[in-house]
Amino acid sequence: MTQLFHIRTFGCQMNKHDSTSLSQILINEGYGQTESIDDAHIVLVNTCTVRQKAEEKALTLIGRLSHLKAKKPDLIIGVIGCVAQQSGMDLFTRFPYLDLVLGPRNIHHVNRFLSQIKEQRERISSLDLACELTPFPKCNGYLKGRVTSFLKIMEGCDNFCAYCIVPFVRGRETSLPAARVIDQARYLVTQGIKEITLIGQNVNSYNVKNRALPTFPGLLKELDTIAGLERLRFTTSHPKDLSGELIDLFAGSKSLCPHIHLPVQSGSTKILRLMNRGYTRDQYVDLIRRLRKTRPDIAITSDMVVGFPGETQEDFEDSLSLIEEVKFDNLFSFKYYERPGIKALQLPEAIGEKEKQRRLSILQDRQRGITLSKNRLLEGTIQEILVEGPAKRGGGQLTGRALGNKVVNFPSRADLKGRLVRVKIDKGFQNSLLGELVDR
Ligand code: SAH
Ligand code: SF4
Ligand code: F3S
């Protein structure tokens, strides 16, 4: 009988991509994937630890799995991802029924570990941060029905922003050789993928550390020549490493979409310095000006943290004035939380929970208004949409994304999945746009 596995994924695009890779590795080995946790012989939880809430969610799920194990003693339970890396063997103490603890850079060994667990019923942990990048497995047909895919081009982070745990759980920056990236991109196109998002913690510094060529703009130029690859995106980029050459590509590339996620984190230069971000408010605003000059229709999204230690009311107001000045298309904002090992633990002047919540609510409220007015500005325009399939809420609507990454729904009964179509926008909402098909 085919052994079935079930994966639950928390966290960012890197984790989502790792879960996809893991599934493909397991399917290539002869396992089957199931959406039902009760039917599974192997349950894997891919965890995130960037904020405490993310970690708690994963730990709660792992806690609940004890009942499943009690019912099915042969069940193999594994914890992978960033909590696995951070807590390591401690997870075995806290959850004695766990079989496998696997750091994010060790997932390509999964088949070997599963065999060992089955044969010897021993627990295994693998947490080597110096491991090479997980190779993207080729698994024909796995992406059937999908038109977009992630492609991991680098792993790890060397920036050590004072609030961030990622460099501790993902290790040092390592880039995948360009020939492998291009080979993978070509393979994805053969699998029906039309849009690729290159991912990494800081894609701008691709190949910079190992002094290899091409650097990130060079890689984008090479990918731009792949026949059948309609759209190229990337995330995340760090403002301090955004080069003029990369900005220019927003005007000069055939496939690169006019959207950039450029996390700012704060509008106060004082706080940016404490955060170890490596740029000032003015330098950030100047990057935005140059991006918009090069590509006026570029969509810009960002991340912001409120309540970082030492953030005064004035610093917070600098963040508010920054979002009014830049007018991001969308903003992901978070209350600052302490994480183990981060530099910010050494800073005085912690901000109380209530005050952090107050600031977050104000910021999010302002941004909601900005997002809505930016979406309304698109009413009456014609947007190119890559059709991804039927809209979530059904109703005879199809859904896809505009070049600026906004979700666009439109009524159509035709089978347009994977096609680029033109849609006239009738209505801009908070989280999506509604339009009608202009032609095919
Ligand atoms: N490499 C990416 C993603 C980092 S994690 C980048 O550089 O942007 C995603 C976001 O989580 C960060 O941009 C930051 O806004 C937020 N974040 C990270 N650590 C945090 C912490 N300790 N408390 C609150 N938010 C945090
Ligand atoms: Fe974290 Fe900063 Fe690295 Fe992003 S660049 S992963 S925020 S340390
Ligand atoms: Fe979370 Fe790890 Fe991503 S901590 S945000 S899953 S890199």
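These legends walk through close-up views of a predicted model.

**View 1. The domain layout of the protein chain.** Let's start with the overall plan before zooming in. The domain assignment divides the chain into domain 1 (4–126), domain 2 (133–257), domain 3 (261–377) and domain 4 (382–437).

**View 2. The largest nonpolar core, with 56 residues.** Inside this core, the residues with the most contacts are I153, L198, F216 and F234. Helix α7 (residues 178–190) supplies the largest share, six residues. Domain 2 (133–257) and domain 3 (261–377) both contribute residues, so the core lies between them. As background, nonpolar side chains in soluble globular proteins tend to be buried together.

**View 3. The surroundings of I153.** Which residues does I153 touch, not counting residues up to four places away in sequence? The contacts are L133, T174, S175, L176, V181, L198, I199, V203, Y206, F216 and L219. Two of these partners, L198 and F216, are also listed with I153 among the core residues with the most contacts. Elsewhere there is a second, separate core of 24 residues, which includes L61, I62, L91 and Y97.

**View 4. Helix α8 and its cover.** Helix α8 (residues 216–223) is mostly covered, with six of its eight residues buried. Those buried residues are F216, P217, G218, L219, L220 and L223. What lies over them includes helix α7 and α9 (244–252), together with β10 (195–199) and β11 (231–235).

**View 5. The shell around ligand 3.** Here you can pick out C12, N15, C48, T49, V50, C82, R170 and Q201 surrounding ligand 3. Sorted by class, the shell has four nonpolar, three polar and one charged residues.

**View 6. An open sheet of six strands.** The strands follow the order β2-β1-β3-β4-β5-β6, and their pairing is parallel. At the edges stand β2 (32–33) and β6 (124–126), each with a single partner strand, so one side of each has no neighbour in the sheet. Further in, β3 (residues 42–47) and β4 (residues 76–81) run parallel and are joined by six bridges. To locate this pairing on screen, look for I42, whose bridge partner in β4 is I76.

**View 7. Strand β15 and its antiparallel pairings.** Strand β15 (residues 382–390) runs antiparallel to β18 (residues 420–428), and five bridges join them. One handy landmark is Q383, whose bridge partner in β18 is V423. β15 also pairs with β16 in the antiparallel sense, over four bridges. On that side, L386 has R401 of β16 as its bridge partner. The hairpin of β15 and β16 has six residues between the strands, and G394 there takes a positive phi near 65°.

**View 8. K406, a lysine in a loop.** K406 sits in the loop between β16 (397–401) and β17 (407–411). Is the residue buried or exposed? With a relative accessible area of 13%, which is under the 20% cut-off, K406 counts as buried. Leaving out residues up to four places away in sequence, K406 touches D329, K374, N375, L378, G400, R401 and L433. Among these contacts, R401 is also the bridge partner of L386 from the previous view.

Technical notes: Residues are numbered from 1 along each chain as its sequence is written. Chains are lettered from A and ligands numbered from 1 in the order in which they are written. This is a predicted model: local features need pLDDT of at least 70, side-chain atom pairs count only at pLDDT 80 or more; totals for chains, interfaces and linings use all residues. Side-chain values use heavy atoms; hydrogens and water are left out. A nonpolar core is a set of buried Ala, Val, Leu, Ile, Met, Phe, Trp, Tyr and Cys residues joined through side-chain atoms within 4.5 Å. Buried means under 20% relative accessible area, exposed over 50%, partly exposed in between (1.4 Å probe, protein chains only). Helices (H or I, at least four residues) and strands (E, at least two) are DSSP runs, numbered from the N terminus. Domain bounds come from an automatic or database domain assignment. Contact means heavy atoms within 4.5 Å. A residue is near a molecule or strand if one of its heavy atoms lies within 4 Å of it. Ala, Val, Leu, Ile, Met, Phe, Trp, Tyr, Cys and Pro count as nonpolar, Asp, Glu, Lys and Arg as charged, and the others, Gly among them, as polar. Two strands pair if DSSP finds at least two bridges between them.
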